[in-house]
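Hello,

Here is the structure I promised to pass on. Please open it first, then read my notes below.

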Amino acid sequence: MLHVNSSIGSVENAFARDVVGGLSADVKTLRSRWLYDERGSALFEEITRQDEYYLTRAETSILRERQSDIADFVESGAILIEYGAGAGLKTELVLAGLRDPRGYVPIDIADTFLAETSKRIASRFPSLWVRPIERNFLDVFEVPFDCFGGGRTGFFPGSTMGNLNTIEAKTLLTQMGRHLGDDGRAIIGVDLQKNVDMLLRAYDDSAGVTAAFNLNLLERINTELGGDFRLNQFKHVARWNEIDKAVEMHLVSLCDQRVTLCGRTFHFGTSETIHTESSRKYTAESFERLARSGGWRVAEAWRDADGLFGLFGLVR
Ligand code: AVJ
């Protein structure tokens, strides 16, 4: 049971603190990491199966079609370090193509995912070292390498890079450089800028799965923080932010209303929004600039047949 101490104005858990802080700001924001509770993670999996959400299909097609190019880039005897491993399904595609991969280090905060993924991959690739690290990859931490030889390759698929702002992305790339070493390589999946209608449809599918995914955050607040959000008084919208080159998800208040949670009351004007996620979209050039800012150089750029998605091979 979660205890929220509202009387002295402090809340003792990270979710509660973030929600109270985010809703108290002039521009209301909830951090996208909180979208992924059990139901949110299941809804995200369902999003990846929607016609409009081309990202997963496009990236998977690159991993299949470029399997041997990717293996050439990684070189034999490599150790693959995955940032935000999740279910690790794309990892299997990469590992299956590599020549004599030596180790796999999945990094993820979701311990159940991490254990399952590690077990599955260890049994499919019996000669592979598997060493999971239970961390948020945005934290500063070390990867213990003493037990390994071989070249190190970072793997960061799924356009998760797009959810990071410029500072976070640069910090992560710099940390990857430290983990992977001067000879290290990295493979990063990035969604590319394109027709805005197509982008917005990907984040507002006709079956309403993305809307349910976004609204689930309010449901989570109601359940875990004792909130009284009326879900039918908020509506999911996807917006294009031309300055950040990002698709933003928002929850729009449909009326003038008050919501109480953690013993605090928050006012929402009609049409006021809560910003819940940004998914940045890059060009080859803007991604190259980002990579350089984090100490990397783009050596390879692979795209799907329709040019929707990019998988970039980085060297130091
Ligand atoms: C898994 C975080 C990369 O931004 O495209 C999908 C999440 N949000 N639909 C993305 C998401 C709404 C997804 N990431």
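β8 and β9 make a hairpin, with two residues between the strands. C262 sits in the turn and has a positive phi of about 50 degrees. Please keep in mind that this is a predicted model. Strand β8 covers residues 257-261, and strand β9 covers residues 264-268. The two run antiparallel and are joined by five bridges. Q257 has F268 in β9 as its bridge partner.

Which residues of β8 are on its covered face? They are Q257, V259 and L261. R258 and T260 make up the uncovered face. Here is the background: in a regular strand, side chains alternate between the two faces of the sheet.

Next, the three-stranded sheet. It is open, its order is β6-β7-β10, and the pairing is antiparallel. β6 (234-241) and β10 (273-280) are the edge strands, and each pairs on one side only. On average, neighbouring strands here are turned by 20 degrees against each other, direction ignored. β6 pairs with β7 (residues 246-253) over eight bridges, in the antiparallel sense. N241 stands opposite A246 in β7. Helix α9, residues 209-225, lies across β6, β7 and β10. The helix runs at about 60 degrees to β7.

F155 stands opposite I187 in β5.

Now the ligand. How many residues surround the ligand? There are 14, and the closest are Y53, N163, Y203, E277 and S279.

- Y53: a polar side-chain atom lies 2.6 Å from an oxygen atom of the ligand.
- N163: an N or O atom of the side chain is 3.3 Å from a ligand oxygen atom.
- S279: an N or O atom of the side chain is 2.5 Å from a ligand oxygen atom.

On its own, the ligand has 350 Å² of accessible area, and the protein covers 96% of that. α2 and β10 are the elements that give two or more residues to the shell around the ligand.

Last, T48. This residue is found in the loop between α2 (38-47) and α3 (55-65). Is T48 buried or exposed? T48 counts as buried because its relative accessibility is 14%, and the cut-off for buried is under 20%. A polar atom of the T48 side chain lies 2.6 Å from the backbone oxygen of E45. Leaving out residues up to four places away in sequence, T48 touches Y53, T56 and R57. Y53 is also among the residues closest to the ligand.

Best wishes

Conventions: Residues are numbered from 1 along each chain as its sequence is written. This is a predicted model: local features need pLDDT of at least 70, side-chain atom pairs count only at pLDDT 80 or more; totals for chains, interfaces and linings use all residues. Side-chain values use heavy atoms; hydrogens and water are left out. Helices (H or I, at least four residues) and strands (E, at least two) are DSSP runs, numbered from the N terminus. Buried means under 20% relative accessible area, exposed over 50%, partly exposed in between (1.4 Å probe, protein chains only). A polar contact is a pair of N or O atoms within 3.5 Å; within protein, one must be able to donate a hydrogen and the other to accept it, and residues adjacent in sequence count only if both atoms are side-chain atoms. Contact means heavy atoms within 4.5 Å. Two strands pair if DSSP finds at least two bridges between them. Axes are lines fitted to C-alpha atoms, for helices over the stretch in contact, and angles run from 0 to 180 degrees between N-to-C directions. A residue is near a molecule or strand if one of its heavy atoms lies within 4 Å of it. Accessible areas come from the Shrake-Rupley method with a 1.4 Å probe; for residues, only the protein chains shown count as cover.
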